[in-house]
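Dear colleague,

Please find below the structure that I am handing over to you. My notes on its cavity, its ligand and its backbone follow.

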Amino acid sequence: MPDASRSAPPILKVDGVTLQYKTTEHLVTATYRVSFEVHRGDRFVLLGPSGCGKSTLLKGVGGFMTPVEGTMSLNGRIIDRPGPDRMMVFQEFDQLLPWKTVLQNVMFPMECAGKWRGAEAAERARHFIEKVNLTKFAEVYPHMLSGGMKQRVAIARAMAMEPDILLMDEPYAALDALTRRKMQEELLELWDDVRFTVLFVTHSIEEAIVVGSRILVLSPHPGRVKAELNCHQFGHTAQGGVEFQTLQRRIHDMLFAERIEAEAADAHD
Amino acid sequence: MIDTAGKIEPPVRAEFELRDVAAAQFGEVERPLSAFERVWNQAWVRRAAIVAFLALAWEIYGRTLDNPLMFPPFWDVAQALWHDFVKGPLLSRMTTTLQVLILGYSAGLAIAAVFTTLAVSTRFGNDLLSTLTAMFNPLPAIALLPLALLWFGLGIPSLVFVIIHSVLWAVALNTHTGFKSVSETLRMAGQNFGLRGVAYVRKILIPAAFPSILAGLKIGWAFAWRTLIAAELVFGVSSRSGGLGWYIFENRNLLETANVFAGLLTVIVIGLFVEGVIFRAIEARTVRRWGMQR
Ligand SMILES: Nc1ncnc2c1ncn2[C@@H]1O[C@H](COP(=O)(O)OP(=O)(O)OP(=O)(O)O)[C@@H](O)[C@H]1O
Ligand SMILES: [Mg+2]
């Protein structure tokens, strides 16, 4: 691992970002002064309990929300709108366009952004569909795919764009344990192959350690940075090992301590 | 089984594992359907059978009643239809009606498109459309005919005016509702690809809302068709080249009841054709193929 202080500057810089939702009655602060940096080739994981603002943070980086405080910049440019340089894989299965086949879905953003067109786009699309093992389903409409397959199409679609950073919001949360494990392995293999940069949201400690190279642990609502940990040395094979379990334990205690405090506070109200 | 504490306990059973599951055990795995089953599985065959049955019942009733002035049998109507179509005025009446209809329907769609575009892009447009649809959607188009006659006189402009009124609100309301219910995820996906403005509406919103848009088109079509026939019945008298409504009215005055039925049949057949062939084809090619509608 190259030393971060001497290598290239970070791709993504999130600096003291506070994100809020304004509804007609409430003002909800989802994250409070969160800072982190993502470097090229990172598998950066945002980990935290449900409702701590992980999705909100990802939406901020995606350009769908503007921070009320702090700045976010990608390659030195302030993020102020959504764009194809940050491709998002959503948690929901309905992110594919139902009126397009798998192949057309993967080609669509390439043609929208004008990055690749026609035969070249089709060729790239086929290449990435093959990478997620869906070659046989290229001509099929999304409603004929299983949830896991849809998710894989979304990943292929995002990766084919060669974005500066890939944003994934609990992409495997709705899958069964077996499929999830397979998809995690696929993602790691793809990373080995293509070396993309990914910002990955999850609330599973195990998934964070397996998939990530670095973990940002967020505190419960509103989300604040609790710790930043390294986990690039762990993969699926390390899962039973002592070090793996120690790290898992450590994060667990970190999150769990908060929860006990929160519950104690709730009890006082 | 109830143990000593009175709690229900499921019985413990022996385990087993099946080694070879022979294919023979499945019973009938695959069997071609008989010719009759295959034909009967086609929806249009079943529907055609219903229509044939109705025609037969009509024929029998008409013959037993033996009162062609009130209720001519099916065969007489079929003959009148054939005769007026080939030699009589029915074909030209039909084309007149269809021309006016297509003119009014497309004008209605164009205005609806303008209204919904306004409604999705500005809050004022949204309020405007909501208020106008709430006001005018419940108003039967035919009720505007006297006013239309006053403004535009007898003739095509009046008809087009009432058709536009009958199409516009239904289509605009459905399209707008469709746009509003496009899922947040799809919207964000579209924006993520860098789509904005007109391209965003055209490439994301319209296809995503297509089931609602299509429903609006169908309702608008039905409204337009009914309104037009009714309007023609009312004032076809003095327009030089009347439509189907006028044909029906004219033949009633001449007590040519079989021709009245022939006119009604034409109205039904055109309605069935547009609904069952044109809209069905669009549906099969779009929403049903995309799995957005069964
Ligand atoms: N559209 C919204 N309007 C108002 N408040 C919202 C909205 N979306 C989220 N919130 C609030 O913001 C906070 C963070 O939500 P967020 O969806 O980012 O959580 P999360 O960490 O992604 O949780 P999960 O793991 O369950 O997906 C929550 O307290 C939630 O109530
Ligand atoms: Mg979330």
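Which element gives the most to the lining of the largest cavity? That element is α5(A), with four residues. Helices here are DSSP runs (H or I, at least four residues) and strands likewise (E, at least two), numbered from the N terminus.

Before the details, the conventions. This is a predicted model, in which local features need pLDDT of at least 70 and side-chain atom pairs count only at pLDDT 80 or more, while totals for chains, interfaces and linings use all residues. Residues are numbered from 1 along each chain as its sequence is written, chains are lettered from A and ligands numbered from 1 in the order in which they are written, and side-chain values use heavy atoms, leaving out hydrogens and water.

The cavity

One cavity of 30 Å³ or more is present, and about 40 Å³ of space lies in the largest cavity. A cavity is a set of points, on a 1 Å grid over the protein atoms alone, where a 1.4 Å probe fits but cannot get out; lining residues have an atom within 4 Å of a point. Points are joined across faces, edges and corners, and the volume is the space filled by probe spheres set on them.

The lining consists of A:Val132, A:Arg152, A:Ile155, A:Tyr172, A:Met183, A:Glu186, A:Leu187 and A:Leu190. Both α4 (147–160) and α5 (177–194) of chain A supply at least two residues of it. Domain 1 (9–85 + 175–260) and domain 2 (94–162) of chain A both contribute to the lining of the largest cavity, so this cavity lies between them; the domain bounds come from an automatic or database domain assignment.

Ligand 1

Around ligand 1 there are 14 residues, of which A:Ser50, A:Gly51, A:Lys54, A:Ser55 and A:Thr56 come nearest; a residue counts as near if one of its heavy atoms lies within 4 Å. A polar side-chain atom of A:Ser50 lies 2.5 Å from an oxygen atom of the ligand, one of A:Glu170 lies 2.9 Å from an oxygen atom, and one of A:Tyr21 lies 3.5 Å from a nitrogen atom.

The backbone

The peptide bond from A:His221 to A:Pro222 is cis, with omega near -10°. A:Pro222 sits in the loop between β9 (214–218) and β10 (225–230) of chain A. A:Asn133, although not a glycine, has a positive phi of about 60°.

With kind regards

Terms used. 1 Å grid on protein atoms, 1.4 Å probe; cavity = no way out; pocket = protein on both sides within 12 Å on 5 of 7 lines; lining within 4 Å. Polar contact = N/O pair within 3.5 Å; in protein donor to acceptor, adjacent residues only side chain to side chain.
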